[in-house]
Amino acid sequence: MGKPENFKINNGLASYGISDHYAVLGLPMTSDALQIRKKFLKLAKILHPDVFGRTPEEKELATKYFSKMVSPAYQILNSDRERGEYLATLRIFAQNAKQKEQIPTVSSEIAQKLYRMPHEVTYQQYVEQIAPKQYESLDAILEYTATLSELNLVYVLTQQTLSFTSSSNAYAPASSQTNSPEPVAAKPAQSPALRNLNMAELFISKKQWTEALKELLGAEKLDPNNAKVYALKGLVQMNQNAAAIAKASFQKALKLDPKEPIALKYINQATTASKPPEKAPEKKGGLFGWGKK
């Protein structure tokens with residue numbers, strides 16, 4: 001099996017120095033936030049090192065594809081602000097390229113076909129045609145990603161009005177802003193347990209509590225100071241009828257982050273459920289409940 005050296009592609013948008021996050025996830029640029037998250041969770045499952053039948057070398061390679069390509073792309077596209085800035089960059093690139101009348105250099109037959117007859121619907125159909133093959137084999141990931149990036153390049157350079165999906169909070173390009181730009185907060189470091197957390201949330205959504213707890217125990221080892229890990233553990237434990245243990249997990253989550261939303265939402269419920277039932281008052285009296293006067 002060939003080992004990619006840098007897990008990067010040199011075709012399509014990448015040939016212009018632009019990271020193609022949509023190509024990495026196998027999504028058209030018209031995808032919304034829900035589609036982005038759904039595809040990310042699917043890829044997290046496909047590239048999970050515990051997939052049956054993989055050799056140790058293949059497991060290591062799958063993990064690297066996830067950490068070096070998939071996860072960074074998702075971190076950009078999952079943030080309203082960063083996705084907006086990224087799409088603004090693509091618009092500026094497209095405007096400059098059109099002014100210079102640049103012709104995209106593409107090698108794949110499908111991208112050449114799109115360039116000859118460009119249309120948004122056709123573009124989406126071609127992406128949907130290639131994307132299912134992208135992560136079928138670890139050996140072919142970069143090849144199909146490069147093809148998708150060529151489709152994206154053609155789409156960017158041929159559409160009169162780029163139909164990108166972003167949120168209403170997306171930032172406009174700096175050249176169009178009249179007010180002073182707001183200071184940008186430093187990005188939080190990516191949790192080493194990100195994969196486990198996302199897989200746990202996927203299992204929780206399917207009410208597969210045992211599998212979710214397994215992922216969270218792995219996450220706890222990788223990132224023992226992550227409040228969300230303990231909050232999700234508490235949620236799972238509640239659904240496993242272990243309210244007292246759940247309460248302890250929620251308390252630990254809130255100790256790490258007093259504003260952790262999941263823990264705040266459920267800790268009172270866990271506290272109530274963990275209390276022992278009150279004893280019924282003893283009845284006084286003689287035989288058959290007849291009291292003595």
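1. How much accessible surface does the chain have, and what share belongs to carbon and sulfur atoms? The accessible surface comes to about 17600 Å², and 52% of it belongs to carbon and sulfur atoms; the areas come from the Shrake-Rupley method with a 1.4 Å probe.

2. The model is predicted: local features need pLDDT of at least 70, side-chain atom pairs count only at pLDDT 80 or more, and totals for chains, interfaces and linings use all residues. Residues are numbered from 1 along each chain as its sequence is written, and side-chain values use heavy atoms, with hydrogens and water left out.

3. The chain holds 12 helices and zero strands (DSSP runs: helices are H or I of at least four residues, strands E of at least two, numbered from the N terminus). Of its 293 residues, 42% are buried (under 20% relative accessible area; exposed is over 50%, partly exposed in between; 1.4 Å probe, protein chains only).

4. Six salt bridges are counted (a side-chain nitrogen of Lys or Arg within 4 Å of a carboxyl oxygen of Asp or Glu). In one of them, Arg83 pairs with Asp80, with the closest N and O atoms 3.1 Å apart. Both residues lie in helix α4 (residues 80-99), three residues apart. Arg83 is buried at 3% relative accessibility, whereas Asp80 is partly exposed at 34%.

5. Glu201 and Lys228 also form a salt bridge (3.4 Å, N to O). Glu201 belongs to helix α8 (residues 194-205) and Lys228 to helix α10 (residues 227-239), so the pair ties together parts that are 27 residues apart in sequence. Through shared partners, salt bridges join Arg37, Glu201 and Lys228 into one network.
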